[in-house]
Amino acid sequence: MWVRYGRPAAEVLRAAIAAAKGDEPLTPVTVLVPSNHVGVAARRLLASGALGPVCTKGVGIVAVNFLTPYRLAELLGAAPLAGSGRRPVSTPVIAAALRAALTDNPGLFAPVAAHPATESALVDSYRELRDVSSQALDALAATGERAAEVVRLHRIARAALEPHWYDEQDLMISAEQALLSNDAAHRNLGATIVYLPQQLSRHSGRLIESLAEHTTLIVIAATTGDPRADAEVATSLARMGATAPAPDAFEPTSVAAVGRTRFVTASDADEEVRAAVRAVIDQVRKGTPLDRIAILHASPHPYARLVHEQLAAAGIKANGASVMKLSARVAGRGLLQALALPQGGFRRQDVFAWLAGAPIHHLGRWAPVTAWERLSRAAAVVAGRHDWDHLLSRLADDREYSAEQLKENPDDEPDWKAQRYREEAERARSLRDFALSLIDNLAQAAARPRPWGEHAAWAHKLLADTLGGPIKRDNWPED
């Protein structure tokens, strides 16, 4: 059935679930959603009771699974594929297969076979062509020399991967076969509702069509009222074998009412954002809470940065995706640079670039980076654990010896010079201990495979040791 997006679609979904459950709240129902985000939003709305109960027994929701088509295929078809010894394919594996195909016979792509952009483009085309039938591949190859080369490399890579790896399309086919051979599979799903289908692949459509042959299937498709915008949804319905009349057209004014919609013409992106911020401020002055206001933009560039900057200039706290990469922040940059030190053998310039890039602590105080750098240069440290250990120890011994010599001959040099030698010896040993502790810590962390949870706990402790605990960071800027 065709519905409108938003609350009307959610109301139809509630009615469909209620009809499937009747008086028994534990009756299984499966809702296929286009994304996990849609599933979470729908589940929370239904569970709140704002649309009415989904069962006659009371408010709440139970025994309703919200799954994407891929997740459904994974539940049904992953076990047989794993049992045959095949593993899920990843982008690096696909890239390796295509790289091997290019190396053996680059053909038309010989001049650019080693270029990273060639490999990236072929990986993208591989994923697209995996949803194309063999006959369609033949037709595509006949359209030109370049297309024929892409299809040839695709087929070579596919032949190399197929015996040991499986992708999304293989998973869909395996799930379809599981439905045919296992009666319990579709019984556990219960009534199946396809909620707001968007862009379905050919194999996903075939899986849903197979579901319709074994269980009750309800399709709730939403329309915008614009045939061009709804064309993709109509194509997806055809792929799953659903026959439905074209949706009824409706006036967009029923959604964008004149009384609550305003169009603003702006000269550039900066002026657009300023107009949006002014609208936010106007609504706040009228009593609308900030947590009930959202600024939506079509593209993160340049709008995400501009929105954050303009809201900050207006003194408005905002919640949203960060416009600054984690690697651009002190903690993220400090951790990433520390993890990269072993790759360069702990070169002196790399270590001090890391020390100068963040407020590193040692023994509860800020590390004396400038003094450490001068001493490491005097010790002729280049790289490696040997240099940090023996050369700094030798420098410390030399400085202590010089201090003792001055103590025995006090008339030759001023008193402060012996004291400086002792301080330099102490700092050289402090730098040695810091460097060796860091080298051994990173080596131990990489010595054996471990769960991600242990890696995260280790990284958290490294940050606390080098940047200080929460108390040390209280005076940091919020961002």
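Mentor: Two strands count as a pair if DSSP finds at least two bridges between them. Keep that in mind as we look at this predicted model.

Trainee: How do you know that strand 2 and strand 6 pair?

Mentor: Count the bridges. Strand 2 (residues 29-32) and strand 6 (residues 191-195) share 4 bridges, running in the parallel sense. The cut-off is at least two, so they qualify as a pair. For one of the contacts, look at Leu32, whose bridge partner in strand 6 is Val194.

Trainee: What is the order of the strands in the open sheet?

Mentor: The sheet has 5 strands, with parallel pairing, in the order 1-7-6-2-3.

Trainee: And what makes strand 1 and strand 3 edge strands?

Mentor: Strand 1 (2-4) and strand 3 (64-67) each pair on one side only. Helix 2 (residues 36-48) lies across strand 3 and strand 6, at about 155° to strand 3.

Trainee: Why is the chain called more spread out than a compact globule?

Mentor: Start with the inventory: the protein chain has 19 helices and 9 strands. For its 479 residues the globule rule gives 23 Å, but the radius of gyration is 32 Å, well over that, so the chain is more spread out than a compact globule. Along the principal axes, the C-alpha atoms fill a box of roughly 105 × 70 × 50 Å.

Trainee: What lines the largest pocket?

Mentor: The pocket holds about 800 Å³ of space. It has 23 lining residues, and Arg262, Ala275, Ala276, Ala279 and Ala294 are the closest to its centre. Helix 12 (269-285) and helix 13 (300-313) each supply at least two lining residues, with helix 12 giving the largest share, 8 residues.

Trainee: What makes the bond from His301 to Pro302 cis?

Mentor: Its omega is near 0°. Pro302 itself sits in helix 13.

Trainee: And what stands out about the phi of Leu363?

Mentor: Most residues other than glycine have a negative phi. Leu363 is not glycine, yet its phi is positive, near 55°. You'll find Leu363 in the loop between strand 8 (361-362) and strand 9 (365-366).

How values were computed: Residues numbered from 1 in each chain as written. Predicted model: local features only at pLDDT ≥ 70, side-chain atom pairs only at ≥ 80, totals over all residues. Heavy atoms only, no water. 1 Å grid on protein atoms, 1.4 Å probe; cavity = no way out; pocket = protein on both sides within 12 Å on 5 of 7 lines; lining within 4 Å. Points joined across faces, edges and corners; volume = space filled by probe spheres on them. Contact = heavy atoms within 4.5 Å. Axes fitted to C-alpha atoms, helices over the stretch in contact; angles between N-to-C directions. Rg over C-alpha atoms; globule rule 2.2 N^0.38 Å.
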